[in-house]
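User: I'd like to learn how to read a model like this one. Can we go through it feature by feature?

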Amino acid sequence: MDGTIARTVLESLSQGILLVDGARRVRYLNAAARAVLASRPAADRLAAEVDAGWHGRAQGELRLGDRVVRWRAEVIRAEAGDLLLVELSQKVARQRDLIEALAARFVLTHVEARLLIELARSRGNRELAGTRGISVAALKSRLHRVYRKLGVTTRVGALAALAHLERELGGAATLEGEGAA
């Protein structure tokens, strides 16, 4: 395939693509990757982060300000030398945007919206109650109030509603680095 055609195809993708050479330098970023990373230093940080990809398939997350970029890396064998192909997830929604969207769509308070996001990131009621400094019974009461507002009756239904809204916003939110509501 001609190099110009290959670049045109890569530039048209909605998924971010980076190519990193053996010296760990970013050799190419497509338009979607440039939009997600927003700066060359961020791309260089990602290149350093994905170093494990040189030893086989790897994946992870990189925190950039108030966003988290998910990545997956795999080595490509080429005549001119090996390259690391790094695929980036869609642009990630900021947590504040997600909280505002949840509050507007489902008439949740910001505290309830944050609780729903924390629910998706926790392992269970005991863990979530512990991080909030409340009893499991108090947590269940608050969750049932959120479920009613979402029009669901189960945790699975609540998480499905959250996932649907996150997809509409173009990604997933993160709680790291945000102050309490």
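**Reading helices, strands and confidence**

Analyst: Let's start with a helix. In helix H6 (residues 125-132), Asn125, Leu128 and Ala129 are buried. Buried means under 20% relative accessible area, exposed over 50%, and partly exposed in between (1.4 Å probe, protein chains only). Helices (H or I, at least four residues) and strands (E, at least two) are DSSP runs, numbered from the N terminus.

User: How are the buried residues of H6 arranged, seen down its axis?

Analyst: The idea is to take an arc, that of the directions from the helix axis to the C-beta atoms. For H6 the buried residues fall within an arc of 100°, so they line one face of the helix. On the other side, Arg126, Gly130 and Thr131 are exposed. The cover over the buried residues of H6 includes helix H5 (110-121), H7 and helix H8 (155-169). After H6 comes Gly133, with a positive phi near 70°.

User: Before we go on, what sort of model is this, and how are residues numbered?

Analyst: This is a predicted model, with residues numbered from 1 along each chain as its sequence is written; local features need pLDDT of at least 70, and side-chain atom pairs count only at pLDDT 80 or more. Totals for chains, interfaces and linings use all residues, while side-chain values use heavy atoms, leaving out hydrogens and water.

User: And where is confidence lowest and highest?

Analyst: pLDDT is the predictor's confidence in each residue, from 0 to 100. The protein chain averages 80, and 87% of the residues score at least 70. Confidence is lowest in helix H3 (residues 40-49), at a mean of 76, and highest in helix H7 (residues 136-150), at 96. Over residues 172-181 the pLDDT is below 50, yet this stretch has 32 contacts (heavy atoms within 4.5 Å) in the model beyond near neighbours in sequence.

User: What do I look for in a strand such as S1?

Analyst: Check both faces, then its partners. In S1 (residues 16-21), Gly16, Leu18 and Val20 on one side and Ile17, Leu19 and Asp21 on the other are all buried. Two strands pair if DSSP finds at least two bridges between them. S1 pairs with strand S5 (residues 83-88) in the antiparallel sense over six bridges, and Ile17 stands opposite Glu87 there. Three bridges join S1 to strand S2 (residues 26-29), also antiparallel, where Leu29 is the bridge partner of Leu18. In the hairpin of S1 and S2, Arg24 takes a positive phi near 65°.
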